[in-house]
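Please read the following briefing beside the sequence and the 3D view. It is grouped by topic for a reader new to this structure.

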Amino acid sequence: MYEAIRYARPYLKETIARVDFIIAVNLDSALPSRLTTVASKHFPIVEPIDTPVKKINISERNLSQQQTNLRQWNFYDRDREKQLTLTSSYAFVSCKKYATYENIKGDFGAIIDELQKTFPDVKAARFGLRYINNIEINGLKSPTDWSLYINEFLLKPVDFFENKINLTRLFHVAELKYEDIDIKFQFGMPNPDYPASIKRPIFVLDLDGYVQCAHSLSDSLTYMDKAHEQIQYLFEKSITDKLREGMNGNST
């Protein structure tokens, strides 16, 4: 329904779906039993942690600082390739081994549905869906020559530099708006060896779709579909058939 195109070997480093709450919900001491049951069904390993948080109190006469603990409920799948994190302020699902959009939406949607039932008055302040593609292909003529794999228009700035051996980093940010959906598109060669010159052939396509207006938790799932549609369109426009062949299991 959502993803007509699927790849056997995608270059996805991480996929994240996250919602932030307008007003904190009560998850600091314990999780409601039904929420625990749903979370454990998708993420059977539970590892809660407490994170110190400093709170500053300001009055007419003085300024004081108070330290409290933020309970972070971490759930993982058996291979620790998927993670669910719940706190009083936000919830997110992270996936490091991507299969399909339906899978991550199913995991995230189950948690959102149960949060809505448990806290019917809670509203979302922000929703985000992010795909980080870390494309690394050995055997390029040059670590800066991506002409076989990346859309030529994304590579135009590379041609400006005659001596590409001098490049240490080349990264760009584009921001777009599709009605309620904002997209932050970061792309280029980040260079893990910076400030040395670029030696490793790595090209990043980082697509972050988000909504920054108050909405019901259930609407986050509608926004998720819309964000995914725009992200997939931009990703497909950014790559060539040669890269698609490699992601379908054929040698690049």
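The structure holds seven aromatic pairs, where rings of Phe, Tyr and Trp (its six-membered ring) pair if their centres lie within 6.5 Å, and planes under 30 degrees apart count as stacked, over 60 as edge-to-face and the rest as tilted. This is a predicted model, in which local features need pLDDT of at least 70 and side-chain atom pairs count only at pLDDT 80 or more, while totals for chains, interfaces and linings use all residues. Residues are numbered from 1 along each chain as its sequence is written, and side-chain values use heavy atoms, with hydrogens and water left out.

**Aromatic pairs**
- The rings of F108 and F127 have centres 6.0 Å apart and planes at 45°, so this pair is tilted.
- Because F108 lies in helix α2 and F127 in strand β7, the pair ties together parts that are 19 residues apart in sequence; helices (H or I, at least four residues) and strands (E, at least two) are DSSP runs, numbered from the N terminus.
- F108 is buried, with a relative accessible area of 2%, and F127 is buried at 0%, where buried means under 20% relative accessible area, exposed over 50% and partly exposed in between (1.4 Å probe, protein chains only).
- The rings of F185 and F187, with centres 4.9 Å apart and planes at 45°, also form a tilted pair, and both residues are buried.
- W146, Y149 and F203 form one aromatic cluster.

**Charges over rings**
- R18 lies over the face of Y90, at 4.1 Å from the ring centre, where a charge sits over a ring if NZ of Lys or CZ of Arg is within 6 Å of the ring centre and within 35 degrees of the ring normal.
- The charged end of R169 sits over the ring of Y194, 3.6 Å from its centre.
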